[in-house]
Amino acid sequence: PVPPNAAEDDFEVIWRELIDYHNWAFQNPELADAELYISKDCVCFSNAEDRLEEYRQNEWRETSPGLTVHDVDIDVATGTFALLTIIDEHSALVVVDGDGEVVRERERRPKTYFDVRVRLLDEGWRIVEWFQRGAVGDAE
């Protein structure tokens with residue numbers, strides 16, 4: 001997909017676009033750029049960048065759907081910043097190599113709360129903080 005570019009202040013749309021790009025990035029690491037959805041100032045940036053680089057070097061990619069957003073609550077919002085409470089769920093993770101052989105698997109992560117901050121930078125909306133708060137419980 002096109003990198004996240006929501007111009008409006010509809011933070012649910014903004015978050016869903018950021019997560020859509022995140023999921024696509026790990027399914028297409030050779031084309032992805034973590035800077036297109038995460039600020040370099042975010043603690044999570046180096047983790048995403050390192051994982052994408054590992055995938056590129058090994059010719060790996062994820063075949064699973066990734067994160068599913070269940071709920072977006074806007075705690076604080078301005079025209080250029082928002083503090084969000086997110087409930088999402090991660091599908092079972094399946095990573096394959098260039099031949100389609102499974103090289104890594106992880107069980108599904110149930111619905112989980114996250115505290116997230118997004119900010120409108122010169123380049124567009126970016127994740128600037130992304131912290132896991134705790135599990136909601138088993139997903140349906």
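Is Asn23 buried or exposed, and what is its relative accessible area? Asn23 is buried, with a relative accessible area of 11%, where buried means under 20%, exposed over 50% and partly exposed in between (1.4 Å probe, protein chains only). The model is predicted, so that local features need pLDDT of at least 70 and side-chain atom pairs count only at pLDDT 80 or more, while totals for chains, interfaces and linings use all residues. Residues are numbered from 1 along each chain as its sequence is written, and side-chain values use heavy atoms, with hydrogens and water left out.

**View A. Asn23 in helix 1.** Asn23 is found in helix 1, helices (H or I, at least four residues) and strands (E, at least two) being DSSP runs numbered from the N terminus. Apart from neighbours within four places in sequence, Asn23 is in contact (heavy atoms within 4.5 Å) with Pro65, Gly66 and Leu67. Other buried residues of helix 1 include Phe11, Trp15 and Trp24.

**View B. The largest nonpolar core.** This core, a set of buried Ala, Val, Leu, Ile, Met, Phe, Trp, Tyr and Cys residues joined through side-chain atoms within 4.5 Å, has 34 residues, and among those with the most contacts inside it are Trp15, Leu84 and Trp130. Its largest share, 9 residues, comes from helix 1. Leaving aside neighbours within four places in sequence, the contacts of Leu84 include Phe11, Trp15, Phe114 and Val118.

**View C. Glu59 in a loop.** Glu59, which lies in the loop between helix 2 and strand 1 (61-62), has a positive phi of about 55 degrees although it is not a glycine. At 58% relative accessibility, Glu59 counts as exposed.
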